[in-house]
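The exercises below are meant to be worked with the sequence and the structure side by side. Try each task before reading its solution.

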Amino acid sequence: MQIATKPDKRIGVVSPVLQLPLEIGKIPLNLKFADMARFESAGKRYSTFLSSDKKGLPVLVDLQGRTSLDGDPFTYDLDGATVQLGEDQAEFQRVPHEYSLDSLIRILLSKLLLDRSGFLLHAASVLADGRAHVFTGRSGAGKSTVASLSPAGSVLTDEISLLRCVETRWQAFGTPFWGEFRAGDMNCSAPISGIYSLIQAKQDRLERISPRDGLRVLLPNVLFFSSRKQDNEQLLRILTDIVEAIPVYQLYFRRHADFWKVIA
Amino acid sequence: MNPETVLKTNPMLAWREIDGSIVIISPEHSMVHELNPTASFVWKRVDGRRTADEIAEQLAAEFDVTRESALADVHELVESLVANQLVSALELAEVKAHV
């Protein structure tokens, strides 16, 4: 965490700007705060994702004296809190608490990932033998159960997975976004072995599905907030790419650790 | 449907073909539509110039169906696409007025 100052031209005094450089999914962000309590809280929450690179995208969090964003900024309103993304800066405004900040960062990442062949997915990601297994499904599908039934230190996230194609290889990244099963954050990545749509059943069974059915599985579980046509086209291209590159399965499982046997 | 009705896709939609089927996202309504192979065949020929009847002729030529059956299928499909705001139906005179 670093503290810098900048002149506040409106009132002619120097006000502190608290900088929190982060890197999530290899995307550098530089969160800037005026409020010390908010800054310290975010510093703790994202401690595993702190970066030394202050050249990441500036993200002004309820900073006064902001300038208009260039271009045609992407804007999203979340219950009164807003995200704006211009060409070289983002702004969060009216952020009521740290959970809202978490949501706004996810919204911002979902947009930034489009130009980086990636997306956020409601999914748990678990490492096994150096590869990531991605378990997707809506609330109650069993993502946190899968995480809790997996070996300690193997869970990248139990709720929101960040998937990106980096140098022609699809990888899952650890995120600070957790659900019920919050383990220690893991700021690392691994190549994706498979994507599994969770279905609770009386017997463990794995069934590979077609890319088209894979796309059908992914679409409702993608975190996506843009209503722009070109963004939706990009998302469709990215999702089509991943379901053609990575096998997608229906995983019928009993909420027991034995499901790993059918995956292995 | 008027034989001179020209079909045009909604320009706001994002779509992509996968495994021979068209998947469409309506950003405005956050809706996803998936078309079956016949509907996908029709969708790919909706270009703002062809009429539903012309597309039905192509459908009959491509698949082993009668012209009457293809016409009925395409008209029913177009009504569904229009109802879902995926396609708009324009009268030929209306199209010519905009050219």
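**Exercise 1.** In this predicted model, find how many Å separate the centres of domain 1 of chain A and domain 2 of chain A, and describe the side of domain 1 that touches domain 2.

*Solution.* Begin with the bounds, which place domain 1 of chain A at residues 2-114 and domain 2 of chain A at residues 118-263. Taken over C-alpha atoms, the centres of these two domains are separated by 28 Å. Next, look at the contacts, where 16 residues of domain 1 of chain A meet 19 residues of domain 2 of chain A. On the side of domain 1 that touches domain 2, β5 (74-78) and α2 (98-112) of chain A each supply at least two residues, and the largest share, six residues, comes from α2(A). Sorted by class, this side of domain 1 of chain A has nine nonpolar, three polar and four charged residues.

**Exercise 2.** Follow β5(A) into the strand with which it pairs, and describe the hairpin that the two strands form.

*Solution.* The partner is strand β6 (residues 81-85) of chain A, which runs antiparallel to β5(A) and is joined to it by five bridges.

**Exercise 3.** Decide whether α4(A) and α5(A) are parallel or oblique to each other, and name the residues through which they meet.

*Solution.* Helix α4 (residues 211-218) and helix α5 (residues 229-245) of chain A pack at an angle of about 130°, and their axes are 9 Å apart. Angles over 145 degrees would count as roughly antiparallel and those from 65 to 115 as roughly perpendicular, and α4(A) and α5(A) are therefore oblique to each other. The crossing in which α4(A) passes α5(A) is right-handed. From α4(A), the residues Pro211(A), Gly214(A), Leu215(A) and Leu218(A) meet Leu239(A), Thr240(A), Val243(A) and Glu244(A) of α5(A). By class, the residues of this contact are five nonpolar, two polar and one charged.

**Exercise 4.** Determine how many residues of chain B are in contact with chain A, and which strands of chain B take part.

*Solution.* Counting first, twelve residues of chain B are in contact with 14 residues of chain A. The strands β2 (14-18), β3 (21-26) and β4 (31-34) of chain B each supply at least two residues of the side that touches chain A. That side of chain B has seven nonpolar, one polar and four charged residues.

How values were computed
Residues are numbered from 1 along each chain as its sequence is written. Chains are lettered from A and ligands numbered from 1 in the order in which they are written. This is a predicted model: local features need pLDDT of at least 70, side-chain atom pairs count only at pLDDT 80 or more; totals for chains, interfaces and linings use all residues. Two residues are in contact if their C-beta atoms, placed from the backbone, lie within 7 Å. Helices (H or I, at least four residues) and strands (E, at least two) are DSSP runs, numbered from the N terminus. Ala, Val, Leu, Ile, Met, Phe, Trp, Tyr, Cys and Pro count as nonpolar, Asp, Glu, Lys and Arg as charged, and the others, Gly among them, as polar. Domain bounds come from an automatic or database domain assignment. Axes are lines fitted to C-alpha atoms, for helices over the stretch in contact, and angles run from 0 to 180 degrees between N-to-C directions. Angles under 35 degrees count as roughly parallel, over 145 as roughly antiparallel, 65 to 115 as roughly perpendicular and the rest as oblique. A crossing is left-handed if the near helix is turned anticlockwise from the far one by less than a right angle, and right-handed if clockwise. Two strands pair if DSSP finds at least two bridges between them.
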